[in-house]
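Dear colleague,

Please find below the sequence and the structure that I am handing over to you.

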Amino acid sequence: MTNPKKNRKVFNIILAIVLAVGVWLYVINVENPTGTVPIRDIPVSLVGEDSLAERGLMVTDQSRDSVNLKLSGRRKTLMKLNRKNLTLELDVSTITSEGEHTISCRASFPNNIGTDNVSVSDWEDLRVTVTVEKQETKEIPVRGEFIGTEAENCLAGAVSTDPETITLTGPAEALDGVSYALATIGGKEVSDTITETASVVLMGPGSKPASRKNITLDQETVDVTVPVRQVVALPLTVTLTGGDTTSAADVTVDISPKNLTVVKEAGADLPQSISLGEIDLSNVLADTSYALPIHLPDGVVAWGQEVRFATVSLSFDKVKARQLETKQITFTNVPEGWKASLVNATLSVWVRGDPEQVEHLSADQIQVTVDLSKAATEDELQRAAAKVSLKEGAGEKVSILGNHYSVAFYLSKS
């Protein structure tokens, strides 16, 4: 059984709410009283920056990006306003110098609301301070980077970008913190040349990302090209000659780089190796190194960074070299009526070969012959080539080093 008292209480509450709403609607729509409404976080938009840029200036900071306003007006009108349909513009077009400038925002209301129906309670709320600095430009290089992987027997070459430079605009202090722009592209098991459009990242000293604050770019993306070709590593070789008793087997050869990477064109025949030429061991006295030019055969194209020279190091770790002073010098074909005299009674000769035989070799076992058939019959200092050889029994595993020996002499009437 329902309780009449409880039912009446519920009815009275509902009636009171209806009457309150009705009164509120009457007040708003008929009486329409005035009031004040706070609206928070209204965005502030900068305008007139183009005019500022024409003077070589730019805004680098502002005290507030949004403001809170108290608006006064008729209640019915205020109910139509919110942060989404209110516009606040900060016009910086009249600023003509660097420094801090305080300007009042210009408020714009929706078209269906007249400015005479709404006012800002506190005009100080519209004031915003901006910092203005000199605007400069800076051209920086763009570096491309490949962060992918190549397919087997393929290599990525030097990365290029288009354009190679971009121009930054901003305050001098911010631009000083930027060294270059980095654009990266990737790919997995890449076997052909790729070109992609990539966004650039500003980089500072130490290859660390730089701040973008207050900096604009003339373009945000560049085209990055990574050449990828099928390549082959060909070994570099050298031929050792003229060793007599010292053969290539007695010498340790080290070549750097050991290989040269070349492009393999479809259907092309490549050599098994690339020769650096010959080295005459008879003219090499001891451990030494040579810088030999790399000459590519016809039809062979190097890949990557150009390498123009290779270092060839020779180590005679299985044989011994020794220098001896010999007095066994003989003149032949001396002009008739003349006598030859040496300036120096000895000649320094290098020998190399089996360590034991070299150690026991004496200077008397070295014979020097000087042919004077082309000597001038004058009493003056002359020099002639000397033929150096080992006497019989000197050792089968020893040889003379070098073939450019000579002696100085005088001719005098006999």
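The notes below take up confidence, cores, a sheet, backbone geometry and cysteines in turn.

This is a predicted model, in which local features need a pLDDT of at least 70 and side-chain atom pairs count only at pLDDT 80 or more, while totals for chains, interfaces and linings use all residues. Residues are numbered from 1 along each chain as its sequence is written, and side-chain values use heavy atoms, with hydrogens and water left out.

Confidence. The pLDDT (the predictor's confidence in each residue, from 0 to 100) averages 86 over the chain, and 90% of the residues score at least 70. Over residues 22–28 it stays under 50, and for this stretch the model has eight contacts beyond four places in sequence; a contact means heavy atoms within 4.5 Å. Where pLDDT is low, the predicted coordinates should not be read in detail.

Nonpolar cores. A nonpolar core is here a set of buried Ala, Val, Leu, Ile, Met, Phe, Trp, Tyr and Cys residues joined through side-chain atoms within 4.5 Å. Buried means under 20% relative accessible area, exposed over 50%, and partly exposed in between, with a 1.4 Å probe and protein chains only. The largest such core has 26 residues, and L69, L71 and L81 are those with the most contacts inside it. At least two residues of this core come from each of strand 1 (34–47), strand 2 (57–62), strand 3 (66–74), strand 4 (87–91), strand 7 (118–120) and strand 8 (127–134). Strands are DSSP runs (E, at least two residues), numbered from the N terminus. Beyond its neighbours within four places in sequence, L71 touches residues including V37, I39, L78, L81, L86, F109, V118 and V120.

Strand 14 and strand 18 (residues 221–226) run antiparallel and are joined by six bridges. A198 stands opposite V222 of strand 18.

Backbone geometry. Most residues other than glycine have a negative phi, and most peptide bonds are trans. Which bonds and residues depart from this? The peptide bond between D162 and P163 is cis, with omega about 5°, and P163 is in the loop between strand 11 (160–162) and strand 12 (165–170). A cis bond also leads from S256 to P257, with omega near 0°; P257 is placed in the loop between strand 20 (252–256) and strand 21 (259–263). D41, not a glycine, has a positive phi of about 55°; D41 lies in strand 1 and is partly exposed at 39% relative accessibility. E189 has a positive phi near 55°, lies in the loop between strand 13 (180–185) and strand 14 (194–199), and is partly exposed at 48%.

Cysteines. A search of the whole structure finds zero disulfides, a disulfide being a pair of cysteine sulfur atoms within 2.5 Å. C105 is buried, because its relative accessible area is 7%. C154 also counts as buried, at 12% relative accessibility.

With kind regards

Conventions. Helices (H or I, at least four residues) and strands (E, at least two) are DSSP runs, numbered from the N terminus. Two strands pair if DSSP finds at least two bridges between them.
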